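Hi everyone, thanks for making time for this. I have a structure to walk you through, so please take a look at it with me.

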Amino acid sequence: MMKLIAIDLDGTLLNTDLSISKRNAEAILQAQKAGHIVTICTGRSMHDTQKFLTNAGLDIPFIAGNGAVVFYEKVLHNEVIPENVLIEVIDLFRRKETYYEIFTEDGILFDEIGMAYFEQENKELHKQDHREQELMQHEIEKMKKENYFLVVPDCKKIDLTSFKPYKIYSLTFSDKKMKKMKEILKLKNDLSFTSGSSLTLEVGNKNVSKGNALKILADHLQIAPENLVAIGDNLNDLSMFRIAGTSIAMGNALEEVKACADHVTKNFDEDGVAYALEKFIL
């Protein structure tokens, strides 16, 4: 019976050097040859996800932005963030002087205002380490040159809706800022938010989740829930686990995630995805 296999990226399919290992890629190809459909389901952007897949020689559908975008040969679905919500969240990040990016169908937008917040936090964090500051500045300059990063002076002074924005990503080194922003966002019922780590916030349309997106793709492909497989490591993967007939947690997954899974595989740096596919699916 054909299955739809949804695989998270960070902490799951990607290894420490942020690449898809040869063994993991080969296992995905074997699953395709066996008649299954494999999809990526990640919080990363469309363009970032496509880059990882291209580098690994994989041609598969994907779900990006924590479920905001479903891509199968083209964009099948995009839960765009309403303009009023978008502006309100940008204003929140600016009040807290926190770096932010806006994920869109055209690329990742960031502006000079948000970048200034990031650079200031970095200077404060590494006042005694000039070498680390230089490395961080190098990374910032490299990011600006990526063809899917779009740098503008001020995001609020352009027509954001024309870019079809689907996620706002924020990064701060301040626990105090992060705690306050989460408290504010919890009071709102017109958006969804999650955290990929203790340093980040990811805000999207209120209907966004990996589980909702996986269901959209499964319905499009006419695959029943009992034939869905989900592999992940973090809390934002639980919405997939809840609708999948088979759920597999990584060896490095949070204990809460493991407790909700049908199976536990090896660590992300031990080709845990390949092991999961070979042991539980193929």
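This is a predicted model: local features need pLDDT of at least 70, side-chain atom pairs count only at pLDDT 80 or more; totals for chains, interfaces and linings use all residues.

Let me pick out Ile-7. Leaving aside residues up to four places away in sequence, Ile-7 touches Thr-12, Leu-13, Ile-28, Val-38, Thr-39, Ile-40, Cys-41, Ile-231 and Val-273.

While we're on buried positions, have a look at helix H3, which covers residues 46-55. The buried residues of H3 are Met-46, His-47, Asp-48, Thr-49, Phe-52 and Leu-53. Just after H3 comes Gly-57, with a positive phi of about 70°. We'll return to phi angles at the end.

Now the aromatic rings. How many aromatic pairs does a search of the whole structure find? It finds 9. I'll show you two of them. Phe-93 and Tyr-100 make a stacked pair, 6.4 Å centre to centre, with 20° between the planes. That pair counts as stacked because its planes are under 30 degrees apart. Are these two residues buried or exposed? Phe-93 is buried, at a relative accessible area of 0%, and Tyr-100 is buried too, also at 0%.

The other pair is Phe-110 with Phe-149, and here the arrangement is edge-to-face: 5.8 Å centre to centre and 70° between the planes. This one links distant parts of the chain, since Phe-110 sits in strand E7 (residues 107-111) and Phe-149 in strand E8 (residues 149-152), 39 residues apart. Both Phe-110 and Phe-149 are buried. They also belong to an aromatic cluster, together with Tyr-99, Phe-118, Tyr-148 and Phe-173.

On to charge. Side chains of opposite charge can pair when their charged atoms come close. Across the whole structure, the search finds 15 salt bridges. Asp-91 and Lys-156 meet in one of them, at 2.7 Å from N to O. That bridge also spans distant parts of the chain: Asp-91 is in helix H4 (residues 83-95), while Lys-156 is in the loop between E8 and strand E9 (165-171), 65 residues apart. Asp-91 is partly exposed at 24% relative accessible area, and Lys-156 is partly exposed at 35%.

Compare that with Glu-202 and Lys-167, whose closest N and O atoms are 3.2 Å apart in a salt bridge. Again distant parts of the chain are linked, with Glu-202 in strand E11 (residues 200-205) and Lys-167 in strand E9, 35 residues apart. Here Glu-202 is buried, and so is Lys-167.

A further salt bridge joins Asp-190 and Lys-188, with 3.3 Å between the closest N and O atoms. Asp-190 is partly exposed, at 22% relative accessible area. And there is a network of salt bridges too, linking Asp-8, Lys-210 and Asp-237.

Last, the backbone spots. Most residues other than glycine have a negative phi. Where in the chain is Leu-18, then? Leu-18 lies in the loop between helix H1 (9-13) and helix H2 (22-33), and its phi is positive, near 60°. Leu-18 is partly exposed, with a relative accessible area of 45%.

Gln-222 is not a glycine either, yet has a positive phi of about 60°. You'll find Gln-222 in the loop between helix H8 (210-221) and strand E12 (228-232). With 74% relative accessible area, Gln-222 is exposed.

One more residue before I stop: Lys-179, in helix H7 (residues 175-186). Lys-179 counts as exposed because its relative accessible area of 56% is over 50%. Its C-alpha atom is separated by 9.8 Å from that of Ser-198, 19 residues apart along the chain.

Technical notes:
Residues are numbered from 1 along each chain as its sequence is written. Side-chain values use heavy atoms; hydrogens and water are left out. Rings of Phe, Tyr and Trp (its six-membered ring) pair if their centres lie within 6.5 Å; planes under 30 degrees apart count as stacked, over 60 as edge-to-face and the rest as tilted. Buried means under 20% relative accessible area, exposed over 50%, partly exposed in between (1.4 Å probe, protein chains only). Helices (H or I, at least four residues) and strands (E, at least two) are DSSP runs, numbered from the N terminus. Contact means heavy atoms within 4.5 Å. A salt bridge is a side-chain nitrogen of Lys or Arg within 4 Å of a carboxyl oxygen of Asp or Glu.
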